[in-house]
Amino acid sequence: METVCEPCWTCRNRRIQCDQSGTPCAKCEKAGMECFDKRPLRWVKGVAIRGKMQGRTHEGISNGSPMHTSRITKSAPSTPKKSHRALVQASASTSLPVTLQDPSMSNLDQTSKYYIDYYNERICKLFIVYDSARNPFRSLISFGLKDPVLQKGILALAARHRANTGQSFHQLQAPTPPSLINANRDALLFKHQAMEALSQVLGDRTIEKSDTTVASIFLLIFLDLLEFGSDGWNFHLEGAKGLIASHRPMLETQAGVNNGPGQTVQEIWGFISNQIHLIETLGATFLRPKVLSEFIFNGQAERHPQEEIEQSFLGCPEFLLSAIQFLSNERDTIAGELPDGAALQTHIQDTTAMLELIQNFDCYAWALSLQHSRQPSTDEINNLCKLSQTFKTGALIYGRRVLDALTETITEQDDLVSELLGLIANLKDDEALFKCVLWAIFVAGLECRSQAQKDFLVESLEKFWTETSCSNVITAAKILKDYWDQEDGLETPSRWIFDIGRLGRDCLLI
């Protein structure tokens with residue numbers, strides 16, 4: 001047993017004599033108390049230990065501005081009986097957030113510290129299916145503390161989300177509430193600083209484009225999800241794709257380099273590359289044909305033998321993602337005019353074959369095969385199965401419309417639409433998974449015809465907004481309303497796979 005050289009802090013604080021028998025000491029163990037070597041950090045619920053701000057939380061700050069508050073602290077988590085020293089020496093799974101461990105935090109002003117904490121607590125779990133100690137978004141904090149471009153991107157994300165939280169789903173254009181004026185100003189300032197710094201780096205040929213440059217652009221795509229989803233995400237995507245392609249040789253040399261808490265540079269790059277592939281694939285389905293350039297995705301090297309649900313933004317199975325990409329490419333091929341003769345028959349056969357493969361995809365087997373950091377419950381596996389079914393059913397609906405365009409027919413899809421609506425309803429109570437289904441909600445909205453279905457989808461979009469504060473869902477609601485008004489009275493649906501990009505202004509609806 002390890003011998004403690006000095007009496008423990010816990011005994012000294014209790015004003016009793018420590019027996020110095022080990023860690024924990026016998027007296028602390030007998031009393032059921034945590035044995036600390038030194039005074040521990042005092043974590044409280046709220047922004048202050050005492051005074052007028054005692055007990056106040058992020059949302060409870062009356063003026064809504066971190067400019068006028070002390071640094072946010074955390075609620076004390078329940079921990080096993082360990083010494084404070086043992087907790088600090090733990091790996092990335094430690095209960096202390098990375099922001100409190102990094103010495104670089106001491107160089108930040110109070111506003112930046114506030115938003116770094118906010119990003120750590122709110123943003124990191126927003127853009128991942130399940131939050132965990134290996135959350136790649138959280139790993140970016142350590143990089144951001146050393147890189148001003150990435151840091152401003154992190155701050156802009158946090159400030160924009162904070163400003164969005166007080167807005168109404170039905171009145172987003174209403175004047176900003178006084179409690180959020182400062183957060184809105186911060187969001188605009190940080191975004192301007194991030195864009196300006198990024199522009200300088202990209203425009204200066206003497207500055208080497210680092211891995212953090214790609215990460216900065218990557219975060220700007222997510223910033224666009226918080227800002228309507230229509231202000232240039234595809235341009236950020238194109239820039240990130242170009243930098244990824246040019247940095248692959250550097251990535252090979254950095255394999256195994258650990259620059260983040262618990263993750264290597266290569267792992268983080270692999271995550272970014274995979275999520276850019278996902279964003280491009282699902283985002284392209286609602287764009288005008290051929291808006292995005294071809295991205296040679298070479299993600300196999302970064303993939304694990306099994307898909308990891310805690311390393312996924314939306315939880316879309318890789319097979320279904322590849323299938324959706326194929327269908328989207330088929331749509332782009334026939335967007336101008338249909339091929340004729342043997343070429344047309346080949347497209348029909350290939351699309352039909354892909355639809356059969358999608359239909360045969362086993363969602364439950366996929367859910368069982370996923371890697372987890374812990375043993376999932378039966379309910380979690382069943383809900384992951386339902387999540388994959390939403391992507392599967394959405395892909396079938398989309399694919400059949402592509403096949404309709406090839407065969408110049410119109411297929412009734414009422415059964416598939418009803419099935420998709422049922423899946424969306426079943427996921428409403430799962431906060432972690434419901435935030436992943438906007439793409440499926442939008443597909444269902446383009447196909448539904450009854451007022452009851454439309455009302456249900458609007459309610460679903462409002463719930464999505466409440467849980468995510470991502471403004472692109474409000475954009476999705478507006479596009480669907482305009483589309484429903486346009487389609488009202490028509491006996492057959494329009495060819496929305498071609499037209500929705502023009503109506504939706506090439507929005508990112510995921």
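**Walking through the model**

Visitor: How much helix and strand is in residues 7-35, and how far apart are the end C-alpha atoms?
Guide: This is a predicted model, to begin with. Residues 7-35 come out as 41% helix and 0% strand, and the end C-alpha atoms of that span lie 10 Å apart.

Visitor: What does UniProt list for residues 7-35?
Guide: The unreviewed UniProt entry lists them as "domain: Zn(2)-C6 fungal-type".

Visitor: OK, switching to helix packing. At what angle do α13 and α15 pack?
Guide: About 165°, with the axes of the two helices 10 Å apart. Helix α13 covers residues 341-359 and helix α15 covers residues 378-407. Angles over 145 degrees count as roughly antiparallel, so α13 is roughly antiparallel to α15.

Visitor: And is the crossing left-handed or right-handed?
Guide: Left-handed, as α13 passes α15.

Visitor: Which residues make the contact?
Guide: On α13 they are L344, H347, I348, T351, T352, L355, I358 and Q359. From α15 you get K392, A395, L396, G399, R400, V402, L403, L406 and T407.

Visitor: How do those divide into nonpolar, polar and charged?
Guide: The contact of α13 with α15 has nine nonpolar residues, six polar and two charged.

Visitor: New topic: how many aromatic pairs does the structure hold?
Guide: It holds 18. One of them is F391 with W439, a stacked pair at 6.2 Å centre to centre, with 20° between the planes.

Visitor: Where do F391 and W439 sit in the chain?
Guide: F391 is in helix α15, while W439 is in helix α18 (residues 438-447). The pair links distant parts of the chain, 48 residues apart.

Definitions and conventions: Residues are numbered from 1 along each chain as its sequence is written. This is a predicted model: local features need pLDDT of at least 70, side-chain atom pairs count only at pLDDT 80 or more; totals for chains, interfaces and linings use all residues. Side-chain values use heavy atoms; hydrogens and water are left out. UniProt positions are given in the numbering used here, feature names are shortened, and annotations may be inferred rather than shown by experiment. Helices (H or I, at least four residues) and strands (E, at least two) are DSSP runs, numbered from the N terminus. Axes are lines fitted to C-alpha atoms, for helices over the stretch in contact, and angles run from 0 to 180 degrees between N-to-C directions. Angles under 35 degrees count as roughly parallel, over 145 as roughly antiparallel, 65 to 115 as roughly perpendicular and the rest as oblique. A crossing is left-handed if the near helix is turned anticlockwise from the far one by less than a right angle, and right-handed if clockwise. Contact means heavy atoms within 4.5 Å. Ala, Val, Leu, Ile, Met, Phe, Trp, Tyr, Cys and Pro count as nonpolar, Asp, Glu, Lys and Arg as charged, and the others, Gly among them, as polar. Rings of Phe, Tyr and Trp (its six-membered ring) pair if their centres lie within 6.5 Å; planes under 30 degrees apart count as stacked, over 60 as edge-to-face and the rest as tilted.
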